[in-house]
Amino acid sequence: MIENEIVDDFVATDQNGKKVRLTNILEGGPLVLFFYPKAMTPG
């Protein structure tokens with residue numbers, strides 16, 4: 001687990017297809033990001 005790691009700002013697509021920027025989300029408070037490989041794939 002990595003806590004308090006600084007990452008570069010980025011833009012991603014949310015579950016509704018809307019573009020969101022990391023810095024805009026962080027204005028609302030802390031954020032936890034979770035990445036997992038091969039989402040929704042067999043195996």
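How many helices and strands are there in the protein? There are 1 helix and 2 strands, where helices (H or I, at least four residues) and strands (E, at least two) are DSSP runs, numbered from the N terminus. From the N terminus on, these elements run β-β-α. This is a predicted model, in which local features need pLDDT of at least 70 and side-chain atom pairs count only at pLDDT 80 or more, while totals for chains, interfaces and linings use all residues. Residues are numbered from 1 along each chain as its sequence is written, and side-chain values use heavy atoms, with hydrogens and water left out.

Taken along the principal axes, the C-alpha atoms of the protein fill a box of roughly 35 × 30 × 15 Å. The accessible surface comes to about 4500 Å², of which 57% belongs to carbon and sulfur atoms; such areas come from the Shrake-Rupley method with a 1.4 Å probe, and for residues only the protein chains shown count as cover. Of the 43 residues, 5% count as buried, a term that means under 20% relative accessible area, with exposed over 50% and partly exposed in between (1.4 Å probe, protein chains only).

**Pockets**

A pocket is defined on a 1 Å grid over the protein atoms alone, as an open set of points where a 1.4 Å probe fits, with protein on both sides within 12 Å along at least five of seven lines; its lining residues have an atom within 4 Å of a point. A volume is the space filled by probe spheres set on the points.

| Pocket | Volume | Lining residues by class |
|---|---|---|
| Largest | about 390 Å³ | 11 nonpolar, 2 polar and 2 charged |

The largest pocket has a volume of about 390 Å³, and of the 15 residues that line it, Glu5, Val7, Leu31, Val32 and Leu33 are the closest to its centre.

**Leu33 and the nonpolar patch**

Leu33 lies in the segment after α1 (22–26) and is partly exposed, with a relative accessible area of 43%. Together with Ile25, Leu26 and Leu31, Leu33 makes a nonpolar surface patch of about 310 Å²; patches are made of residues with over 30% relative accessible area and no salt bridge, nonpolar side chains (Val, Leu, Ile, Met, Phe, Trp, Tyr) being joined within 5 Å. Leu33 and Thr23 are 10 residues apart in sequence and 13 Å apart in space, C-alpha to C-alpha.

**The salt bridge**

The count comes to 1 salt bridge, meaning a side-chain nitrogen of Lys or Arg within 4 Å of a carboxyl oxygen of Asp or Glu. The side chains of Arg21 and Asp9 meet in this contact at 3.1 Å, N to O, and the pair links distant parts of the chain, with Arg21 in strand β2 and Asp9 in the segment before β1, 12 residues apart. Arg21 is partly exposed at 37% relative accessibility, and Asp9 is partly exposed at 35%.

Notes
Patch = residues over 30% accessible without salt bridge, like charges linked within 9 Å, V, L, I, M, F, W, Y side chains within 5 Å. Nonpolar A, V, L, I, M, F, W, Y, C, P; charged D, E, K, R; others polar.
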